[in-house]
Amino acid sequence: MAYIIGMVSQKGGVGKSTLARMMAREFVAGGMSAKIADLDTQQQTCTYWAGRRAESGVAPEVQVQSFATVKSAIEDSARFDAYILDGKPNASEQTYEIARASDLVVIPTGQTVDDLHPGVVLAHSLVKKGLPTHRIAFAMFKITGSDRENAAARSYLEQAGYPVLPGDVPVSTAYGSASDIGKAITETPFKSLNQRAAMLAQNVIDAMAERAA
Ligand SMILES: Nc1ncnc2c1ncn2[C@@H]1O[C@H](COP(=O)(O)OP(=O)(O)OP(=O)(O)O)[C@@H](O)[C@H]1O
Ligand SMILES: [Mg+2]
């Protein structure tokens with residue numbers, strides 16, 4: 001049985017696909033089998049990224065497949081240790097289907113209220129639909145603020161009743177450039193950036209293992 005991680009958001013562009021690619025890469029590099037189900041049928045961000053990765057000969061290989069429905073994606077999941085669902089930009093019926101299918105639902109968010117508020121609205125609506133709060137985790141992603149601003153963002157989410165993963169990933173052109181050439185954000189030329197991203201990935205894995213236990 002695969003551990004299933006769902007990447008969802010209310011707002012587009014928060015980092016779902018970037019997180020999905022990092023997680024898949026980290027699982028595979030750690031000796032586990034993993035696959036991304038790319039459910040963003042319009043943009044197919046992860047699918048195209050896997051193409052760039054293969055063309056550039058980046059190892060290890062990361063499997064990505066496009067699926068039209070969560071149901072068909074899940075049918076394929078049992079063969080893998082970890083299975084990552086990458087959702088469409090905005091919240092839709094698909095978001096709820098992803099949430100229901102996942103052991104852990106990750107909502108990436110920046111540290112401004114403009115980003116935090118829609119994330120909390122989405123989390124509330126997932127809970128209202130019956131998802132247990134502990135299956136949700138926020139990930140601080142593409143952050144630009146000071147330590148004080150980031151601490152305030154964490155406390156905003158915690159006060160709303162949701163777990164926030166330890167660690168964060170700042171905005172960096174090196175992360176964007178890595179994605180451009182088919183690399184994950186743990187594969188930039190910069191060790192400190194890779195380590196920072198890897199730490200968040202490890203915290204996702206720890207949270208997933210805890211939830212699935
Ligand atoms: N830490 C970062 N620093 C700089 N750029 C980043 C970072 N993370 C992601 N990006 C860039 O931000 C953009 C949006 O990221 P991504 O595609 O992962 O978000 P998404 O939530 O999947 O978007 P969508 O809602 O459109 O599916 C991409 O161009 C990506 O390369
Ligand atoms: Mg995406």
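Which residues does the UniProt annotation "domain: CobQ/CobB/MinD/ParA nucleotide binding" cover? In this unreviewed entry, the annotation covers residues 7–175; UniProt positions are given in the numbering used here, feature names are shortened, and annotations may be inferred rather than shown by experiment.

This is a predicted model, in which local features need pLDDT of at least 70 and side-chain atom pairs count only at pLDDT 80 or more, while totals for chains, interfaces and linings use all residues. Residues are numbered from 1 along each chain as its sequence is written, chains are lettered from A and ligands numbered from 1 in the order in which they are written, and side-chain values use heavy atoms, with hydrogens and water left out.

**Figure 1. Overall fold of the protein chain.** The protein chain has eight helices and seven strands (DSSP runs numbered from the N terminus: helices are H or I of at least four residues, strands E of at least two). Its radius of gyration is 16 Å, close to the 17 Å that the globule rule gives for 213 residues, so the chain is as compact as a globular protein of that length; the radius is taken over C-alpha atoms, and the rule is 2.2 Å times the number of residues to the power 0.38. Along the principal axes, the C-alpha trace spans about 45 × 40 × 35 Å. Of the 213 residues, 51% count as buried (buried is under 20% relative accessible area, exposed over 50%, partly exposed in between, with a 1.4 Å probe and protein chains only).

Figure 2. The end C-alpha atoms of residues 7–175 lie 18 Å apart.

Figure 3. Pro89 lies in the loop between β4 (82–86) and α4 (93–101) and is partly exposed, with a relative accessible area of 26%. Beyond its neighbours within four places in sequence, Pro89 is in contact (heavy atoms within 4.5 Å) with Ser9, Gln10, Lys11, Gly12, Lys16, Asp40 and Gln43. Val14 is 75 residues from Pro89 along the chain, and their C-alpha atoms are separated by 8.6 Å.

Figure 4. Most residues other than glycine have a negative phi, and most peptide bonds are trans. A cis peptide bond, with omega of about -5°, joins Ala59 and Pro60; Pro60 is placed in the loop between α2 (45–56) and β3 (63–66). Gln44, although not a glycine, has a positive phi of about 45°. This residue, Gln44, is in the loop between β2 and α2 and counts as partly exposed at 22% relative accessibility. Lys142, also a residue other than glycine, has a positive phi near 55°. Lys142 belongs to strand β6 (residues 136–143) and is partly exposed, at 42% relative accessibility.

Figure 5. Gly30 is found in the loop between α1 (16–29) and β2 (34–38), where its relative accessible area of 61% makes it exposed. Lys128 lies in helix α5 (residues 113–128) and counts as exposed at 78% relative accessibility. Lys128 and Phe141 are 13 residues apart in sequence, and their C-alpha atoms are 25 Å apart in space.
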